[in-house]
Amino acid sequence: MSLPQNLFLPKTLPASPRRRLKSWWSRQTPQRQDRFAMLAPLAAVVFFLVAILFAFAYLRLEEISREHEAISRDVEYTQQRLRLRLLEQQEQLGRFAREVASREISHREFMKRAEALVNLYPEVQGLTWIDERRRIRADFHTANLPTPPQKTGETAEADPQAVDNFALAYQLLVPIYSAPQARPGLDSTMELHLPLIEKAKFKGTLLALYSVDAMFRYGIPNEINAKYAISLQDDQGKLLAGTTMSESQINRKLLPWASPVNTYDMPVSPIGNGLIIRGQAYRTSLGLIGSGLFWLVMVLSAITAWLLLANWSHTRRRIRAQDALVQETAFRRAMENSMLTGMRALDMQGRITYVNAAFCQMTGWSEADLVGQTAPFSYWPEEDYEMLKQRLSDELSGNILPGGIHFRVKRKDGVIIEARLYVSPLIDAFGQQTGWMTSMTDITEPTRVRQQLAASYERFTTVLEALDASISVAPMGSSELLFANQLYRQWFGTQAEGHVQLVAEAGVPTPMASDETQDAVDAFAGLPTGHLADKEAESTEIYLGSLGLWLEVRTRYLSWVDGRLAQMVIATDITARRNAEEQAQEQAERAQTGSRLITMGEMASSVAHELNQPLTAINNYCHGMMSRIRSKQINEDELLGALEKTAKQAHRAGQIIHHIRSFVKRSEPNRTLSNVDTMVAEAVELAEIELRRRNVKLSQTLAPKLPAVLVDPILIEQVLLNLLKNAAESVDAAQRPTAQRLIKLTVATAEINDKMMVEFKVIDSGAGILPDTMKHLYEAFYSTKAEGMGIGLSLCRSIVESHMGRMKAENLYNGDIVTGCCFIFWIPAAEPPSAAPAKRFAQPTLQISP
């Protein structure tokens, strides 16, 4: 609730500022006016409280300042009184010291004069005459001194401070005051050393013992002592005499600005900093009345501010409730007007009582045109009057269809649209039915889209029917066939047996429907159930004997339109492709066999030479044995030795022929777990024939514990033999000297792309490969040899890649000079049986940069 606008306008303002203020006030919203109206009293209370605080603080600071000036003045006056008294006593004692030094007085006379001085000055507790050797000449003390007088002739007490003061008086020849000494349970004392000087010679000291408590009683004026807490303290702040305020009195802070007790310190002259007089002002103004008045004002101000804030909060809550009600009403109205669904209300007689903006927009008629109409309504098409009247009659009688009513609507411009009408009873706040609420939705566009979808489905079905692949969809764990195209029906009919057969032949798991009576086991465990559209289709190749065809079967899981998990199978006829691949494979095998025959043909002379050696040795051994047997010059042991050598040479020749036959024999590819050391040894044994013929030395290095590889050993031996033979030919063609006619064969393991590989490296010391030749190195029928056919390296690369490996070649350089060539190929190491996963589909190839 807003207050009158001129409530806070001053009456004495000039006309122009007052008008401007009134104009500013009228421009504010009611909420801001209420806020200013509530904040103004609160600000006044806060300003009043701040003013009270400043007033109290100012008065207190003034009082503290005056109090400090008074105590400093009175302490200085007290110090002057005490100083004059000490100087008077020091003058009298100095006169007595000069008499003692100028003439030797007797012990009795010293005691008599000392007693008179002690009686005259109560502060003095005793007088001691000490000669230059610190021996006691005479000593007088008052009766209340607890220590007995020292005997004449004894050495003065060896107190370090007394010794230092005696030495200082001897050096300076001036009166020396000692620091006050606090004695437990006794009065604090202080010493005065007066030097005894006779004709500029030091004759000793006159020691006067002062009582600090007596100095306080007789030196401090009574009016000052009654007014302040006066005390005598040493340089460490320890109390020697007088009174001081307690910690609770000093730290008492009833008001926020309460400061520590006013204290003033001043050293006592002529003693110096060893004795300090301190004055502390008694607090008489911090009583209960002053503090209570302040806190009463504070509490009343806080209560007033709290009441104003509570009233402001209550007013704000009420305004927020009003605003929420207005916003809720506006929101509901805006929601009704922004709805795309047309709303219409009918009374019990069928008269329109309410329409929203969407209903008016759908029909083209305004709210004024529609409200109050009865049947037939203006948006009914003339040809549908009878049907719509019957439906309206059914609605008013309570015969409501849950799925709504589909009918046509005629807009004001004559355009006919499709609409669906839903009717429900209109119940008021008291639970009484006052009419019928109708919601109407324009379904013209959905109807058009539905027709387009039907046409699209027909086109899609036509495309699937015309495909040259069999497509079938079946739910998991069921024999129902959800979809099958024409080719599937030609092959398998209209049942799901063909789908199940394809899945079974492809090796894809197909879980059956689980029985609720069995154990609660998930029949679909391991199958993808989410994001099915992102899964790649699994493919495999099978031979279907019932059709006599090779099929490529691809499967994937998908969610059917009704939410069930389904499996789609796509089977493509690849019989022609498989036949072509088999023919290509046969051609490759013939090429491999031909390459081996060509290699052995090129090595024929070397093989003949290699076989000639054991045959010649066999012939020599036979002729030698025959001649010695005829001449009877051989015994049985010599004959056995010669026969063993003959058999060894025959075995060697047989091994050479066996290796050659195994190498050139055509056979089907047979990939087995092969030992790398064995393959290298057999390839090297065949290659050494060519190496010896060309006078080339082979150096081989095999890493220990090489892993097994899953290969056809004859093909890998063929690759190694071709590379070693080419290396020997390159070294021979380069005409290297004997010491440089070398070939290095290295076999080791390597990790490439996180996969363990076996690396075969053949390095020669030939002239290398020309850059133009390097570009066509692996092309079929390309050769730099006059008698070469150009299929060796191309076939080697094909063999290596068929084993999921890679091959590369590079020249070796010493600066800019080519020093040889290096051929490297990699074969994947066989995985352990426990770690190797089952792989039905194509394996990834190794990616190695050439």
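Are Glu395 and Arg344 buried or exposed? Keep that question in mind as we walk through this predicted model, starting with the charged pairs.

Searching the whole structure turns up 24 salt bridges. One of them joins Glu395 to Arg344, with 4.0 Å between the closest N and O atoms. Glu395 belongs to helix 11 (residues 385-396), while Arg344 belongs to strand 10 (residues 342-347), so this pair ties together parts that lie 51 residues apart in sequence. As for the opening question, both Glu395 and Arg344 are buried.

Now turn to Arg278 and Asp265, whose side chains meet in a salt bridge at 2.8 Å, N to O. Arg278 has a relative accessible area of 23%, so it counts as partly exposed. Asp265 is partly exposed too, at 36% relative accessibility.

A further bridge brings together the side chains of Asp347 and Arg351, at 3.2 Å from N to O. Arg351, with a relative accessible area of 38%, is partly exposed. Elsewhere, salt bridges link Glu91, Arg95 and Arg98 in a network.

Let us move on to helix 4, which covers residues 160-172. Its 13 residues reach 18 Å from the first C-alpha to the last, close to the 18 Å expected at 1.5 Å a residue. Which residues of helix 4 are buried? They are Ala162, Asn165, Phe166 and Ala169. These residues cover an arc of only 100° around the axis, so they lie on the same side of helix 4.

What do the buried residues of helix 4 pack against? Their partners are strand 1 (124-131), strand 3 (176-177), strand 4 (189-198) and strand 5 (201-211). On the face turned away from the buried side, helix 4 carries the exposed residues Pro160, Asp164 and Gln171. Follow the chain just past helix 4 and you come to Leu173, which takes a positive phi of about 60°.

Definitions and conventions. Residues numbered from 1 in each chain as written. Predicted model: local features only at pLDDT ≥ 70, side-chain atom pairs only at ≥ 80, totals over all residues. Heavy atoms only, no water. Buried < 20%, exposed > 50% of the residue type's maximum accessible area, 1.4 Å probe, protein only. Helix = DSSP H or I, 4+ residues; strand = E, 2+ residues; numbered from the N terminus. Expected span 1.5 Å × (residues − 1). Arc of directions from axis to C-beta. Contact = heavy atoms within 4.5 Å.
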